[in-house]
Amino acid sequence: MKKPKVIVICGPTATGKSDLAVSIAKHLQKAEVISTDSRQIYRYLDLGTGKITRDEMQSIPHHMLDLITPFNTYTVDRFRREAGQILTDICNRSNTPILCGGTGLYIEALIHDLNFPDVSINQTLRDELETKTVDELTSQFHELNKDKPHNVDLKNKRKIIRAIEVIQELGAIPPLEKKDIYDVLYIGLNGSDTVLQEKIKNRIDTRIEKGMIQESEDLLRQGALTHERMQTLGLEYKFISDLLQKKINLEEFKRRLFFAIWHYAKRQRTWFKRNKDIHWFDIQDTDLLEKTKSLITQFLK
């Protein structure tokens with residue numbers, strides 16, 4: 001039997017992935033978008049995560065957005081299971097699924113149906129590890145892992161903590177078996193350092209103008225967020241929390257947030273560059289949409 005065809009639009013933040021996904025879906029007519037962004041699953045966190053709006057969706061069905069409140073936790077394994085059901089349903093209805101987002105592990109888990117270890121959250125351990133620096137956590141991870149093979153992002157504090165949590169429960173990180181289920185076309189968006197940095201700066205200014213800081217203030221007042229939770233959500237929310245508590249001023253907020261997002265974008269680049277099947281496109285290419293549409297037409301034939 002032929003494998004179901006899936007389109008993936010990936011790449012670092014601020015490259016216009018959501019806009020391209022909508023344009024391609026409109027071109028295909030029978031297509032639906034599955035978000036693969038680990039923070040856009042949270043309700044209310046709209047401007048801070050850059051969540052696509054109803055108007056921007058242009059009537060294209062979008063899935064895996066606004067699933068849970070910010071106080072809940074959401075694992076990659078749960079994403080695999082829930083998004084997997086949606087992906088199967090889209091294929092069964094003879095529509096084309098478009099996976100769109102910058103969380104590489106979510107994409108990989110869904111495409112290859114990766115079975116992650118069934119280890120419950122150990123909040124006491126997490127609270128203890130959260131006080132440590134990335135370097136301290138990396139050192140602890142290496143000590144526990146004994147130089148065994150792994151695919152843990154050792155620059156991501158949250159993922160190192162989860163890895164330590166798994167090792168302490170199971171004694172080791174189980175190997176992940178990749179399944180070859182789908183026929184996948186990977187489209188990657190990228191830009192030069194200068195272009196991407198400018199886009200990140202402009203996006204920060206635009207979100208502030210639209211009310212990103214006020215959005216968080218309102219959620220704090222309503223009890224939908226706490227400063228502690230904002231710190232663990234990271235990026236925009238961490239620095240908004242610092243700003244609202246007057247630990248930093250607005251200029252320092254923008255400066256620190258820019259560098260944090262820029263470092264995040266570089267980590268995303270590194271992750272996706274490992275995948276040699278990605279067709280990369282420069283976001284400044286004036287023929288970007290036509291080139292991707294042509295590639296997709298050939299793929300679907």
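Reader: Two strands pair if DSSP finds at least two bridges between them. Over how many bridges do β2 and β4 pair, and in which sense?

Author: β2 and β4 are joined by five bridges and pair in the parallel sense. As for the labels, strands (E, at least two residues) and helices (H or I, at least four) are DSSP runs, numbered from the N terminus. This is a predicted model, in which local features need pLDDT of at least 70 and side-chain atom pairs count only at pLDDT 80 or more, while totals for chains, interfaces and linings use all residues. Residues are numbered from 1 along each chain as its sequence is written, and side-chain values use heavy atoms, with hydrogens and water left out.

Reader: Which residues are bridge partners there?

Author: E32 has P97 as its bridge partner in β4, and I34 has L99.

Reader: What is the strand order in the sheet?

Author: The order is β3-β2-β4-β1-β5-β6, in an open sheet of six strands with parallel pairing. β3 (62–63) and β6 (278–282) stand at the edges with a single partner strand each, so one side of each has no neighbour in the sheet.

Reader: What joins β3 to β2?

Author: Two bridges link β3 to strand β2 (residues 31–35), and the two strands run parallel. H63 in β3 is the bridge partner of I34.

Reader: And how many bridges does β4 have with β1?

Author: β1 and β4 pair over three bridges, again in the parallel sense. The partner of V8 in β4 is L99.

Reader: Which way do its side chains point?

Author: From β4, T96, I98 and C100 point one way, whereas P97 and L99 point the other way. In a regular strand the side chains alternate between the two faces of the sheet.

Reader: What about β2?

Author: In β2, A31, V33 and S35 point one way and E32 and I34 the other, and all are buried. With five of its five residues buried, β2 is largely enclosed by the rest of the structure.

Reader: Turning to helices, which strands does α1 lie across?

Author: Helix α1 (residues 17–28) lies across β1 (5–10), β2, β3, β4 (96–100) and β5 (183–190). α1 runs at about 170° to β4, where angles run from 0 to 180 degrees between N-to-C directions and axes are lines fitted to C-alpha atoms, for helices over the stretch in contact.

Reader: How does α1 pack with α13?

Author: The axes of α1 and helix α13 (residues 288–300) are 11 Å apart, at an angle of about 50°. That makes α1 oblique to α13, since angles under 35 degrees count as roughly parallel, over 145 as roughly antiparallel, 65 to 115 as roughly perpendicular and the rest as oblique.

Reader: Which residues meet there?

Author: L20, S23, I24, H27 and L28 in α1 meet residues of α13, among them L289, T292 and K293. Contact here means heavy atoms within 4.5 Å.

Reader: New topic: where does T49 lie?

Author: T49 is in the loop between β2 and α2 (54–57). T49 is buried, with a relative accessible area of 8%.

Reader: What is T49 in contact with?

Author: Leaving aside neighbours within four places in sequence, T49 is in contact with R39, Q40, R207 and Y237. R39 is ten residues from T49 along the chain, and their C-alpha atoms are separated by 6.5 Å. A polar atom of the T49 side chain lies 2.6 Å from the backbone oxygen of L45.

Reader: And where is S216 found?

Author: S216 is in helix α9 (residues 212–222) and counts as buried, at 0% relative accessibility. Not counting residues up to four places away in sequence, S216 touches M230, Y237 and I240.

How values were computed
Buried means under 20% relative accessible area, exposed over 50%, partly exposed in between (1.4 Å probe, protein chains only). A polar contact is a pair of N or O atoms within 3.5 Å; within protein, one must be able to donate a hydrogen and the other to accept it, and residues adjacent in sequence count only if both atoms are side-chain atoms.
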